[in-house]
Every structure is written in structure tokens, then in C-alpha cells.
Amino acid sequence: MTSTVAITTEQRAEIKEIVCEILEIEPAEVTDTSLFKEDHNADSLGAIEILSSLERTFHIEIDQTELTRMVNLDGVVAVVQENLSA
């Protein structure tokens with residue numbers, strides 16, 4: 001059984017910063033559950049950019065199948081957290 005590494009407040013802020021920068025949206029507009037595609041007009045290329053930026057920033061490898069879960073900030077944080085724990 002692998003233990004889950006908790007995401008720090010700083011890491012969560014960094015994840016949000018990456019998402020906002022790539023999707024070109026103001027941090028104040030993004031909530032934990034606002035949907036990137038539906039609420040912020042993000043495209044699939046943006047999701048792939050977010051994934052690769054997270055991999056570089058956190059030195060992890062994220063399977064592209066995880067993109068289906070990375071629809072909002074909570075989803076992205078969960079994917080990063082799981083991959084940090086792996």
C-alpha cells in the first residue's frame with residue numbers, strides 16, 4: 001500500500017499558477033471546481049500543456065489517460081498528488 005503525499009498550500013498555489021498561465025485566465029476567476037473547458041474555454045492542447053508543465057515542475061510522470069480527470073483545479077491537484085505518491 002502506498003501512502004498519499006499531501007499537497008502543500010504552496011504546491012497547490014503553484015499548480016493554480018501553472019493552470020492560469022497556460023489557459024490565460026485570471027487566478028480570481030478559477031475556483032477549485034470551475035471546469036477548464038466549459039467555464040474557461042480551454043482546449044485540449046491547453047490540457048496537454050498543463051500536464052507537461054506539471055511534469056517538469058514536480059519531476060513526475062503523468063499518464064495522458066489522466067487528462068480525463070484534469071477538468072478542474074481539484075482534479076489536477078488530485079492527479080499531481082497521486083503521482084507524487086507513486
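These notebook entries record what I looked up in a predicted model.

I number residues from 1 along each chain as its sequence is written. In this predicted model, local features need pLDDT of at least 70 and side-chain atom pairs count only at pLDDT 80 or more, while totals for chains, interfaces and linings use all residues; side-chain values use heavy atoms, without hydrogens and water.

**Helix pair.** I looked up how helix α1 (residues 9-23) packs with helix α3 (residues 44-58): the angle is about 145° and the axes are 10 Å apart. Helices here are DSSP runs (H or I, at least four residues), numbered from the N terminus. Axes are lines fitted to C-alpha atoms over the stretch in contact, and angles run from 0 to 180 degrees between N-to-C directions. I noted the contacts (heavy atoms within 4.5 Å). Among the α1 residues that meet α3 are Ile15, Ile18 and Ile22, and the α3 side includes Ile50, Leu54 and Phe58.

**Asn83.** I found Asn83 in helix α4 (residues 73-85). Asn83 counts as buried because its relative accessibility is 18%, where buried means under 20% relative accessible area, exposed over 50% and partly exposed in between (1.4 Å probe, protein chains only). Leaving out residues up to four places away in sequence, Asn83 touches Ile60, Glu61 and Ile62.

**Positive phi.** I looked up Glu24, a residue other than glycine, and its phi is positive, near 55°. Glu24 lies in the loop between α1 and α2 (36-40), and is exposed because its relative accessibility is 70%. Asn41, not a glycine, also has a positive phi, of about 55°. Asn41 sits in the loop between α2 and α3 and, at 69% relative accessible area, is exposed.

Note on methods
Helices (H or I, at least four residues) and strands (E, at least two) are DSSP runs, numbered from the N terminus.
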